[in-house]
Amino acid sequence: MTLASPFTAPEGARPALLTTLGAQVAAGARVSVADAAELWATATDAELQALAGRARARFHAEDDATYLKMAIVNYTNVCVARCDYCAFYRFPDAPDTYLLSFEQVCARIDALLAHGGTMVGFNGGFHPGLGIEHYLDLFTRVRARYPGVSFYEMTVAEFMFVAKRQKLSYAEAAARFAASGTRWITGGGAEILDDHFRLRHSPGKYKVEDYLDAQRAILGAGMGSTGTMVIGFDESLDERLGHLDRLRHFQDEVGGRLTSFLCWTYKPYHTELGGSELPLREYLRWLALCRIMLDNIVHIRTSVLTRNESALLGLRYGANDFDLPTEDEVTQKAGATISHDFDAVLAAGAALGLRLRYRAPFPVGPGQAAHGGR
Ligand code: SF4
């Protein structure tokens, strides 16, 4: 199934479908993949917004949204995975590789603090020279030096590489990280959880079941994790819908322990894959469909990193949270532009009639509704 049809001005979904789905999403009942596909093809933007709003209202007050300021610290650009959509990585023998020292990492965190930020996400490549001790030592030291900062220590994809390199099972590696104080290994690196997609674009990274096994082990060890998705490559609608369906079944299985879901858009500049940027309208429509389908994830996050202040429109398409990024070389290398004029971004939210609140980190574990909903 192609993705083109919705952008020839959909005329509106069948009234019977809208009535049925309206009742379903308000009750938290699962919307089938077939109904989601029909919605995508036929619903107007306003219809998608309305349904996403009903789904969002189960968890959050209509005009409330939250955010925080966050730096993504890319501690190394060395990577052997060779994803064709990535403009960031360098092979180990390239002339422009780097590995940040502890003090260089701290300088990045200091820069975040100067912006009033409170969260750091670490994200690097699959560096064949770094053993698990390197990560444990780095994370332990930064947590000790910055007790007021919360950390997303690594992503599931990086965790998988480290465990394999160390010849540890995922359970063994997760136990090591958890015992050292690691709290979060987030769902980064998921992009599209579909083995055909993975074979086309990143055959060296993982197979989908392997990714989910790793995330199971992370959650099983008591750490937190999240769901993510990236759209705008060449993925089919079936691949996108399959990703969301897989994710919600996984969330059922792990008892709601995925705290949030973040969807962002592929940046095509300077990548081997190339292509063009996804239109904003398609991103917003997709966010709405995510909110409608992901009936068991409390927080849906919209991406300022890849859509700048226009991402805040996503808060009227089902999302309820975002971060204001201070840096992320991975997306910046592929064309993302980061503004430190945070007031301008927040003004876009106020113009939408939203009450924006700076938030504390989400707690590890099953998510709670922010108001009287589920
Ligand atoms: S996306 Fe991540 S895993 Fe893939 S090449 Fe880039 S740094 Fe490596």
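How do the residues of the shell around the ligand divide into nonpolar, polar and charged? Before selecting them, note that this is a predicted model, in which local features need pLDDT of at least 70, side-chain atom pairs count only at pLDDT 80 or more, and totals for chains, interfaces and linings use all residues. Residues are numbered from 1 along each chain as its sequence is written.

**Stop 1: the ligand**

Select Cys79, Ala81, Arg82, Cys83, Cys86, Phe88, Tyr89, Gly125, Phe126, Ala157, Ser202 and Lys205, which are the residues around the ligand; a residue is near a molecule if its C-beta atom, placed from the backbone, lies within 6 Å of it. This shell divides into eight nonpolar, two polar and two charged residues, where Ala, Val, Leu, Ile, Met, Phe, Trp, Tyr, Cys and Pro count as nonpolar, Asp, Glu, Lys and Arg as charged, and the others, Gly among them, as polar.

Stay with Arg82, which lies in the loop between strand S1 (64-73) and helix H4 (102-114); helices (H or I, at least four residues) and strands (E, at least two) are DSSP runs, numbered from the N terminus. Most residues other than glycine have a negative phi. The phi of Arg82, however, is positive, near 55°. Arg82 counts as partly exposed because it has 16 C-beta neighbours inside 10 Å; a residue is buried if 20 or more other C-beta atoms lie within 10 Å of its own, exposed if 12 or fewer, and partly exposed in between, with C-beta atoms placed from the backbone.

**Stop 2: the whole chain**

Zoom out to the protein chain, whose secondary structure comes to 14 helices and 10 strands, and whose C-alpha trace spans about 60 × 40 × 35 Å along its principal axes. Buried residues make up 45% of its 374 residues.

**Stop 3: the largest nonpolar core**

Next, select Phe159, Leu287, Leu289, Cys290 and Ile292, which touch the most other members among the 103 residues of the largest nonpolar core; such a core is a set of buried Ala, Val, Leu, Ile, Met, Phe, Trp, Tyr and Cys residues joined through C-beta atoms within 7 Å. Helix H11 (residues 280-293) gives the largest share of this core, nine residues. Centre the view on Leu289, which, leaving aside its neighbours within four places in sequence, is in contact (C-beta atoms, placed from the backbone, within 7 Å) with Ala36, Leu39, Trp40 and Leu48.

**Stop 4: helix H7**

Colour the buried residues of helix H7 (residues 170-180), namely Tyr170, Ala173, Ala174 and Phe177. They lie on the same side of H7, because they cover an arc of only 100° around the axis, the arc being that of the directions from the helix axis to the C-beta atoms. What covers them includes helix H5 (132-145), helix H6 (156-165), strand S5 (185-186) and helix H9 (208-220). H7 is followed by Gly181, which has a positive phi, near 110°.

**Stop 5**

Finally, select Ser303, found in the loop between strand S8 (299-302) and H12. Ser303 counts as buried because it has 23 C-beta neighbours inside 10 Å; leaving aside its neighbours within four places in sequence, it is in contact with Leu262, Cys263, Trp264, Thr265 and Ala311. Asn308 belongs to the loop between helix H12 (304-307) and strand S9 (321-327). Asn308 has a positive phi of about 50° although it is not a glycine, and it is partly exposed, with 18 other C-beta atoms within 10 Å.

Notes: Two residues are in contact if their C-beta atoms, placed from the backbone, lie within 7 Å.
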